[in-house]
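Subject: Structure handover

Hello,

Here is the structure for you to take over. My notes on what was found follow below it.

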Amino acid sequence: NKAGPAAAHGPGPDSGNLPGPDPARFLEEALSGLAPERVSVIEWPAAARAFPELYRVAGREIVRVLKENAYGSLTTAASGRQWLRNSISNFLTIDSPVTGCPLDPTLPTVIAASGPSLKRVVPMLARYRNSFNLWALPSSVAALTQAGLCPDCVVATDAGYYAQLLLTAAARNPPLLLMPLSASRGARYGGRRVFFFQQPNFFEEAFFVRAGAPITRGIAHGTVAGSALDLAGRFTQGPIVVGGLDLCYDDIQAHARPHPFDDLAAAAADRFSPAYSRLFSAAMTSAPERIPGTRFRSSRALSVYADSFMTLSGGGRGQAYRLNPSWQAVPGLTVIKMDSFLRLLESTRPGTLKSEVYPVQPYPDRTERIRIVQLLLTEWREACRDGIQALKAGKRTAEPVAGSPLPLLIDFFGGPQGKETESGGQPAVVVLEKIADFLNETSRKYIGAAARAGAGGTCGAAHA
């Protein structure tokens, strides 16, 4: 019953000629958001004998989707509060976002990821720069800029404070910035035009729905490369080529160079902890598993990220390719060799590389956006109070009023203790009280700062 639109996507990668909905996309939709501990897999030997190939694919996909859900739950528990803070700050302080088509659909699109292999692609990109749209991920901006390449767009999803550091290399000629509301609050500075895309979490959707703003929908992918690939596929039916998508370490090197984080490691080095020792320690922590017979390193998380491209194929429109692949397999992306990529660029007539973007209309002014945020935070605090009263009356929060945001508030802001709310009792009351306190603190900080900045003021106060 949950198949819905999944059946309309057509066969996905590695699904063979199996009848009916593609198993990978069907299971990804049916199991979306479910934690592994909430899923029981029932084996049916008769089905395994009658449909062995479908059974094998289904079993593999169940494991993959539940792994992704597990990592997603950990990320939400660690970052959910930061996502809301960023979303409120960005919603209140970015006054003139743009929309439209952020690429030339008549040209191929190249997405520059930040793996070490990007250095082997950059000379060819520089030679044929007028033959493709160039989208960059933040970690690749410094390497592209050093080679004289100015990206048309940068796709940024990282919510962390240091994410803004990755964009400083393009400060002189800031490209269009594609970002969700939850991205780093510092990403918007430097005169960059901002193109919002809406990720499927409840608070981003709530802000844009109340604003009545037509915002492009995206996905919440485990990697910024996945988000960029999905977005590009929504605007073009042409080829989308991803370069530098290594998803592994080259010995102790995680990114293409130069990279701002290497400078941070060098600045923090001393004789007891030299820069290379710091990079080595980071590699052993982030990628402890050596790929047999190579100098490359991976991890369980990186393998899960690689598998998450299984159901991505340029947003279901343009054909997606992976250029100059590393030793880490990425199912779902077709490998294109360098000579084939060269022929593609040589056969492409240079374009003007002009994207058609324009201000979002309608879009409320800052005063109205402050009012929207105040109303939503008040509704969410009241939902927490209702939940606390229900718990103290002996009821269960697992049975909220229809349409209540309470389960979503617990999932995003309850932290590791959020799952305890299902058992009722004092731990659940404590979790809800902490969420209510967090919402109160968030309201005081960001609403007050935005109000002080004023409708025509700068965004520095809210960022601070």
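Helix α8 passes helix α9 in a right-handed crossing (right-handed if the near helix is turned clockwise from the far one by less than a right angle, left-handed if anticlockwise). This is a predicted model, in which local features need pLDDT of at least 70, side-chain atom pairs count only at pLDDT 80 or more, and totals for chains, interfaces and linings use all residues. Residues are numbered from 1 along each chain as its sequence is written, and side-chain values use heavy atoms, without hydrogens and water.

α8 covers residues 260–267 and α9 residues 275–286; helices are DSSP runs of H or I with at least four residues, and strands are E runs of at least two. Their axes are 8 Å apart, at an angle of about 125 degrees.

Phe 261 sits in α8 and is partly exposed at 33% relative accessibility (buried is under 20%, exposed over 50%, partly exposed in between, with a 1.4 Å probe and protein chains only).

The structure has ten salt bridges (a side-chain nitrogen of Lys or Arg within 4 Å of a carboxyl oxygen of Asp or Glu). One of them joins Asp 95 to Arg 366, with the closest N and O atoms 2.8 Å apart. Asp 95 lies in the loop between α3 and β1 and Arg 366 in helix α12, so the pair ties together parts 271 residues apart in sequence. Arg 366 is buried at 2%, whereas Asp 95 is partly exposed at 33%.

Regards

Technical notes: Axes are lines fitted to C-alpha atoms, for helices over the stretch in contact, and angles run from 0 to 180 degrees between N-to-C directions.
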